[in-house]
Amino acid sequence: MFAFLIARRKKNQTLEQNDDMLEEISFSVLDFDGKTMYEEIIKATEDFDSIYCIGTGGHGSVYRANLSSGNMVAVKKLHLLHNGENNFQKEFFNEIRALTEIRHRNIMKLYGFCSHKRYSFLVYEYLERGCLATTLSNDHEAKELGWSKRVNIVKGLANVLSYMHHDCLPQIVHRDISSKNVLLDSEYEACVSDFGTAKFLNPDSTNWSALAGTYGYIAPELAYKMEVNEKCDVYSFGVVTLELIMGRHPGDLLSSLFLQSSSSALPAHQMPMEDILDQRISPPTHQEAGEVVSLVQIAFACLNSSPPSRPTMKQFSQHLSTQRLHLSKSVHIITCGELLALYGFTTRG
């Protein structure tokens, strides 16, 4: 089946999921019909040659394709089993459903998809700077990501999660918010990608689910309670926010602060906040410092071990849009413990 779509669908054309299969539908993309677009993708990637591969994940590999029209697109080809059946058919159709039903400037645009016995792939807009994880892992690229840009990335992520949690019906939980699934365009605007594990919540029933997500970003309650709600995304958002502040995954800090590790010479709660800032870029200016401290406060609130105690993404989004924190003292004497105490955390004395 070939199926390609444009952002504005014709009236009465719907995309429905039924027993993990899609009804046969026909869309167009970038002025191509489905069969022509399929041939264009195969030609542009030379039958998915590795030289065009720009990333690989658990569900598939992503390729850059320069079409004859001059449009650059990203193509995610899903992994296949040896018998030719798609191992991630549910995730494939789940992502199509999510990206055709929701629209937001901070969600990566889906241009089209192909479900075929030889290849199954999705066609997205191409975002020049790739994923946030890659940017932060590269010293040169990380230095280009100053504090104001990092603050804006957090704001964009908060806005789109607020939209998904509070403005969509049914409510959508992403379940795999991580720095690998936050992509950046040429202006460092953030876009959320990979909706294969997204969950459309049923407000009239308990939403149970198998464990999904990326290790290091998954809310701890999912390890023992498999009920999905929006607070799972809130926790992951907190991890990504700290990752932006620190320039690396905050695993060691989380262990020190919340598991009360005694391995470090200085107790983590006594650590000056400036010690957790990414040292590869200049310290924040006085104006930037208030926003950076505010982001750390927000991140700590997200990481509360009690899901009901975590604020909502709508509260965060509104706070980031309207509030400006005026510091009463310098960043270098504010400790992590002070910020934790604001949200009722207990730290080791």
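**View 1. Asp194 and Lys76, a buried pair.** Both aspartate 194 and lysine 76 are buried, meaning under 20% relative accessible area (1.4 Å probe, protein chains only). They form a salt bridge with the closest N and O atoms 3.6 Å apart; the term needs a side-chain nitrogen of Lys or Arg within 4 Å of a carboxyl oxygen of Asp or Glu. Aspartate 194 sits in the loop between β11 and β12 and lysine 76 in strand β6, so the pair ties together parts 118 residues apart in sequence. This is a predicted model, where local features need pLDDT of at least 70, side-chain atom pairs count only at pLDDT 80 or more, and totals for chains, interfaces and linings use all residues. Residues are numbered from 1 along each chain as its sequence is written, and side-chain values use heavy atoms, leaving out hydrogens and water.

View 2. Salt bridges with shared partners join Asp139, Arg150, Asp278 and Arg280 into one network.

**View 3. Helix α5 against helix α6.** These helices (DSSP runs of H or I, at least four residues) pack at about 170°, with axes 10 Å apart. They are therefore roughly antiparallel, the word for angles over 145 degrees. Residues in contact (heavy atoms within 4.5 Å) include Trp147 and Arg150 of α5 and Phe237 of α6.

Note on methods: Axes are lines fitted to C-alpha atoms, for helices over the stretch in contact, and angles run from 0 to 180 degrees between N-to-C directions. Helices (H or I, at least four residues) and strands (E, at least two) are DSSP runs, numbered from the N terminus. Angles under 35 degrees count as roughly parallel, over 145 as roughly antiparallel, 65 to 115 as roughly perpendicular and the rest as oblique. Buried means under 20% relative accessible area, exposed over 50%, partly exposed in between (1.4 Å probe, protein chains only).
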